[in-house]
Amino acid sequence: MATLKVTIEIAGYAALMRKLRPPESLYAKPWRDAMEEVARLGAEQARSTAPRGETGQLAAKIAYRVQKSPIPRYAVIKTTARRKKFPYPRLLEWSPKHHHFGWMRKAIDQVMSRADRILSKAARQIERKWAQRH
């Protein structure tokens with residue numbers, strides 16, 4: 001089963017995670033909000049660029065999820081659409097004969113270009129709170 005996986009490397013991630021540990025865990029909200037926003041934008045972009053078939057089920061079944069921990073480390077954008085027992089999105093993503101090759105990857109790439117701004121905003125909020133306490 002082929003899976004499209006996008007990894008974002010955040011400079012200073014370890015230092016940021018140290019600052020988010022208790023008692024500073026109150027800083028986790030800006031981080032969670034940023035992860036939620038990136039995931040939401042990813043799902044919206046995937047829905048808007050999803051190939052429209054006869055049923056529209058691909059776009060309708062796109063959802064996102066952010067890890068439930070107080071300081072989430074990942075967000076997932078997925079769809080459960082199937083076609084004849086085969087994962088429909090994978091068919092469209094990887095099959096050049098269907099003329100939608102890379103549709104999900106292109107959607108995620110567009111969101112990635114805006115993710116740094118969202119994560120930077122969260123980092124600034126965290127740094128402000130950190131500076132107020134120390």
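**Ground rules.** I number residues from 1 along each chain as its sequence is written, and I use heavy atoms for side-chain values, leaving out hydrogens and water. As the model is predicted, local features need pLDDT of at least 70 and side-chain atom pairs count only at pLDDT 80 or more, while totals for chains, interfaces and linings use all residues.

**Aromatics.** I looked for ring pairs (Phe, Tyr and Trp rings, the last by its six-membered ring, with centres within 6.5 Å; planes under 30 degrees apart are stacked, over 60 edge-to-face, the rest tilted). I found one aromatic pair. Y13 and W31 sit 6.2 Å centre to centre with 55 degrees between the planes, so I log them as tilted. Y13 is in helix α1 (residues 13–20) and W31 in helix α2 (residues 28–49), 18 residues apart; helices are DSSP runs of H or I, at least four residues, numbered from the N terminus. Next I checked accessibility (buried is under 20% relative accessible area, exposed over 50%, partly exposed in between; 1.4 Å probe, protein chains only). W31 is buried at 2%, whereas Y13 is partly exposed at 23%.

**Salt bridges.** My rule was a Lys or Arg side-chain nitrogen within 4 Å of an Asp or Glu carboxyl oxygen. I count three.

- D33 pairs with K29, closest N and O atoms 2.8 Å apart; D33 is partly exposed at 37% and K29 exposed at 54%.
- E36 pairs with R32 at 3.4 Å, and the two are four residues apart in helix α2, about one helical turn.
- R40 pairs with E44 at 2.8 Å; R40 is partly exposed at 32%, and E44 is partly exposed at 37%.
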